[in-house]
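Hello,

Please open it first and then read on.

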Amino acid sequence: MQAQSEPLNAAGLRRDGLIERLSLFGLASPAMLLILVILVVPVGWLFYVSFMGADGSFSLENYERMIDRKSYRRIFGTTFQVSFLTTGLCIMIGYPLAYFMSQLPDRLANIALITVLLPFWTSLLVRTYAWLVLLQKQGLVNNWAISLGLWEEPIKMVHNMTGTLIGMVHIMLPFLILPVYGSMRAINRDLMKAASNLGAHPRRAFWDVFFPLTMPGLSAGALMVFILCLGFFVTPAVLGGGKVIMVSMKIVSNIELFVNWGAASALGVVLLVMTMIILWIASRFLKLENIAGGGH
Amino acid sequence: MKRTATLTVMATLLASTAMAEGEVTVASWGGSYQDAQSKALFEPAAENTGIAVKQETYGGMSDVRLQVSTGQVTLDIVASGSGSAARAGAEGLLEPLDYDVIDVSDFYPTLKSTYCVGGDVFSTVYAWNTDTYGEDGPQSWADFWDVEKFPGSRAYRGSVAGALEPALMADGVPPEDVYEVLSSEEGIERALDKIRELRPNIDVFWSSGAQHAQLMKDGEVDMTTGWNGRFDNAAKDGAKVTYSYNQALLDYDCFAIPKGAPNKDTAMAFLAEISKAEYQDDLPKYITYGPTNKAAYDTGVITAEVAATLPSSPENAALQLPISLEWYAEWETVAAEMYQEMLTE
């Protein structure tokens, strides 16, 4: 009996399954249409324009220029260097800070969270110029340090890579702290107690139990910081003193310099492709679905 | 905005009562520069002609390029640097100007082109901190390069415009030969090598006039290149800064009409009006940029004292190297890429 009714039932299930999939697809279609209109079409247009030469016909000149001129390679190098360093510094500062916050009682943790978020809500431009005022030769930091006798001559902390990194780490820190803090708060504290109960040294309990559980938040935060850094414009332009040139700045100067949009679009395309390659490599080591905060 | 609105209403009322009809939209760069243009040129000219003027700010010729290429031209007149106007004209983005309508008989002949009529004259100068060097600072580009005679940090332009000529003069090229030497990749490389030589002493490569004024005001650098009017404004605000016209680069800003401007004929008439000496002679009251119309020196409005401070006064102009628009039209893109290469090394 059972053996005979199963195929009949299975056919019905298959049909139901198909209907369900179709209706789910139907429900998802507005979102897919939206993505098509606001993402796929513009990116496709960017690709198309990047193959347009100065005279408007199909040409590889925008890409050839990037190979011929060494400055483009160096600008991409700087962009990735700045992004890697900013991400690294954000992890080194942000992770212990998030850990500290996660150990605070709720009330204090909320206050700490607000202090992390407060600069997040202040204009990026204002914060960037504030660093200029603080760090320049006659700035507050140098003046105080010299009057306190910490150092004799003003130290160059801005108009260079140092200033750029200070500004960018400050701006990017909340993007790292928030997901890391979230994943730390979600960890059951009994796990750490269980680990020490089983004889683990606190250091071992941290590295073997606590740290792996924060990896989703950490990788999400770090990738977000890294990708946002790749497109930075204002902070390196103001704090880099014209010596830290990133891709976004070159895109702007190419729009001014060349007679067509293609020269700038090609830079955008190369940056996009390189970012996707990095995401693909990262996805082999990290669980990327956690970036959207899913999984919990 | 408010001022624009009142001005439009006022001018429209005037227009309906008596004089010429029409309106124009003028775009410039805002800030103290556009304020000066507005007070000296746009507002009085609107009043006298009855042409209603709507003022906007814009981002330069890339905006014009976008408007022309999409066929949505809203601007009738744009203020521009002479070099970018020359390139935009060559690209076909601008209407040729009708010099039968615009009277340029008293203009300095180099301060107008097919597509752009000069509005004011400015200089790219070297400026120095008077606390560091006193009033007798560097007197030539060779001095600007001389870090033994004038020790201290420098700022220099972060893009190629006006950046190669000083380097060649510092390298001993006489001003009159500068553009000839620059008309080859080797010549450009020679200028770049000279900048490489100074680079250890260049703390900042600046990207805007506001920036180089601020650098001097804050004492961040001891010496910089830049636009003379900005340093005068900074000095008025208490900055310890002065500059010299010797070997400076004489350049001008101009007005152009985008191709397909909605009120092309009115715009031409308006340009004719603001190019007259009676308006240009008011400009130095608001910013230390000189008139492009020589007759503006003869109206008695510009005192001898003020004239002596302007880039375009005969004595000052004689000290300077006029920018060559032909060179920029031909070489700027190549030179800009090479300059970027030097910057990223």
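Which domains does the domain assignment of chain B give? There are two entries to look for: domain 1 covers 2-121 + 252-317, and domain 2 covers 122-251 + 321-344. Please keep in mind throughout that this is a predicted model.

Taken over C-alpha atoms, the centres of domain 1 and domain 2 of chain B are separated by 28 Å. Where they touch, domain 1 of chain B brings 18 residues to the contact and domain 2 of chain B brings 16 residues. On the domain 1 side, the elements that give two or more residues are helix 4 (82-90), strand 4 (117-129), strand 8 (241-256) and helix 15 (314-319) of chain B. Helix 4 of chain B gives the most there, with 5 residues. Sorted by class, that side of domain 1 has 8 nonpolar, 7 polar and 3 charged residues.

Next, some strands of chain B. Strand 5 (residues 154-157) runs parallel to strand 6 (residues 202-206), and 4 bridges join them. In that pairing, B:Ala155 stands opposite B:Val204. Strand 5 of chain B is also joined by 2 bridges to strand 7 (residues 223-227) of chain B, again in parallel. Here B:Arg154 has B:Met223 as its bridge partner.

Strand 6 comes up again where the chains meet. The contact between the chains takes 19 residues from chain B and 20 residues from chain A. On the chain B side, strand 6 and helix 16 (325-344) are the elements that give two or more residues. Helix 16 of chain B gives the most, with 7 residues. By class, this side of chain B has 5 nonpolar, 8 polar and 6 charged residues.

The largest nonpolar core has 148 residues, and A:Met172, A:Leu176, B:Ile77, B:Leu164, B:Ala256 and B:Leu271 have the most contacts inside it. Helix 7 (residues 161-185) of chain A provides the largest share of this core, 13 residues.

The C-alpha atoms of A:Tyr99 and A:Leu124 are 26 Å apart, with the two residues 25 residues apart along the chain.

Enjoy looking around!

Technical notes: Residues are numbered from 1 along each chain as its sequence is written. Chains are lettered from A and ligands numbered from 1 in the order in which they are written. This is a predicted model: local features need pLDDT of at least 70, side-chain atom pairs count only at pLDDT 80 or more; totals for chains, interfaces and linings use all residues. Two strands pair if DSSP finds at least two bridges between them. A nonpolar core is a set of buried Ala, Val, Leu, Ile, Met, Phe, Trp, Tyr and Cys residues joined through C-beta atoms within 7 Å. A residue is buried if 20 or more other C-beta atoms lie within 10 Å of its own, exposed if 12 or fewer, and partly exposed in between; C-beta atoms are placed from the backbone. Two residues are in contact if their C-beta atoms, placed from the backbone, lie within 7 Å. Ala, Val, Leu, Ile, Met, Phe, Trp, Tyr, Cys and Pro count as nonpolar, Asp, Glu, Lys and Arg as charged, and the others, Gly among them, as polar. Domain bounds come from an automatic or database domain assignment.
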